[in-house]
Amino acid sequence: MSFFSRFLKKKKASPAAPQPPLTLMQAASNVTELEVIAPQAALLVQDGVLPDGSQSVFRGWVSDALTLRQYKLKDVVLDRSLMVFLQQGRLITDTNYLQSPDALAALTIRPDDLIASPAEDVAACFDHWDTNYYHWLVHTVPTLFQLKQQGFKGKLILPQLTPWQQETVRLVGFDPAHSILTQPGKHYAFKTVLYTDYVRGAADFSPSALARSAYHALAAQADVTGQEQRTLNLFIERGAASNRAMPNEAALTQALTAAGFTAVRPETMSIAEQARLFAKARIVVGALGAGMANLAWCRPGTVVFELVPQHHQNPCTLSLATQMGLPYWGELVETGVEAESHVAGSQRAFNVPAIVQRAKQLADYARDTVP
């Protein structure tokens, strides 16, 4: 009897009552420890206090202690839309990454949408925000790198790949064609899956040495030598991004350009081009968003100036900066949005003169400290 037939038989025999969820530790037939991360204090410009008394957002932040693991899961089903795994009809609860509890509670396996994979050696590599640059860089790249280091020869579970995602997979050393390209709305039944904690964002707020090694390895593949002259003051524009839109970004771009900054839209470049550009940065200025994931390509000492919206004070960029050895300064931006939201745009225009003044101050600091 095939795996697919066995699964359907079990599903027909299963009771209608919801099954209690499992944890990864309960569901795994084998667990491998990958990395132990000790608590680490934020790396801040001048310890987070400037001579004028200004204090950085997140001053006093310390990362959590964390152990990252790889799990071997047997006889599991992937719900491609929610990007969660089930075993024997039971949700493996910690494969959930920021999904709605109602959506998880309503999840059932639809036999007509179930695809059985004949591959016995596969690895999960991405979360449900599969086209988001930050999530791909922070969750998928360390996963791919760890699998390559491990000598993994099986197939990668991947989304329908964009050109820049294909480029990333190749830079790590895998062939995108040797993968299982999945589609939202489908269920995929697997005999055995390797699943790592990086996929579910477990290390978002804990600086990871393995992730740092992954970015260095990819940068080297993109012809970054580590000897580039760091002369660029970069401003990352949000551009057409709908989340956390900046109503007067054009005015800020114009003012920063006049102050000697180079405005960039990383999404218009290849991965290799982004890596080579940010390796030359002396300071990087940008609002909280996916573009700031390019800090992964910056060399240690590059100064980071992040505009942090009051309604979404997320230290993920700070964690990445600390991981890569980049002194960070966060400036809280009043947006007029009171409720916590990771998507709402600002209801107020940004204070362009104040931001430019701070950017100049930090650019002077970078000029004096970045070799």
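1. Basis of the values. Because the model is predicted, local features need pLDDT of at least 70 and side-chain atom pairs count only at pLDDT 80 or more, whereas totals for chains, interfaces and linings use all residues. Residues are numbered from 1 along each chain as its sequence is written, and side-chain values use heavy atoms, with hydrogens and water left out.

2. Helices α4 and α6. The axes of α4 (residues 133–150) and α6 (residues 209–221) come within 9 Å and cross at roughly 85 degrees, the axes being lines fitted to C-alpha atoms over the stretch in contact and the angles running from 0 to 180 degrees between N-to-C directions. The two helices are therefore roughly perpendicular (65 to 115 degrees). Helices here are DSSP runs of H or I with at least four residues, and strands are runs of E with at least two, numbered from the N terminus.

3. Residues in that contact. With contact taken as heavy atoms within 4.5 Å, L137, V138, V141, P142, F145 and Q146 of α4 meet L210, A211, S213, A214, Y215, A217 and L218 of α6. By class, eleven of these residues are nonpolar, two are polar and none is charged (nonpolar: Ala, Val, Leu, Ile, Met, Phe, Trp, Tyr, Cys and Pro; charged: Asp, Glu, Lys and Arg; polar: the others, Gly among them).

4. The structure holds ten salt bridges, each a side-chain nitrogen of Lys or Arg within 4 Å of a carboxyl oxygen of Asp or Glu. One of them joins D130 to R80, with the closest N and O atoms 3.5 Å apart; D130 lies in the loop between β6 (122–124) and α4, and R80 in the loop between β2 (66–79) and β3 (84–87), 50 residues apart. Both D130 and R80 are buried (under 20% relative accessible area, with exposed over 50% and partly exposed in between, for a 1.4 Å probe and protein chains only).

5. The E120–K191 pair. E120 and K191 also form a salt bridge, again with a closest N to O separation of 3.5 Å. E120 is in the loop between β5 (114–116) and β6 and K191 is in strand β9 (residues 187–196), so the pair ties together parts 71 residues apart in sequence. E120 counts as exposed at 52% relative accessibility, while K191 is partly exposed at 28%.

6. Strand β9. Nine of the ten residues of β9 are buried, so the strand is largely enclosed by the rest of the structure. β9 pairs with β2 in the antiparallel sense over nine bridges and with β5 in the parallel sense over three bridges, where pairing requires at least two DSSP bridges between the strands.

Terms used. Angles under 35 degrees count as roughly parallel, over 145 as roughly antiparallel, 65 to 115 as roughly perpendicular and the rest as oblique.
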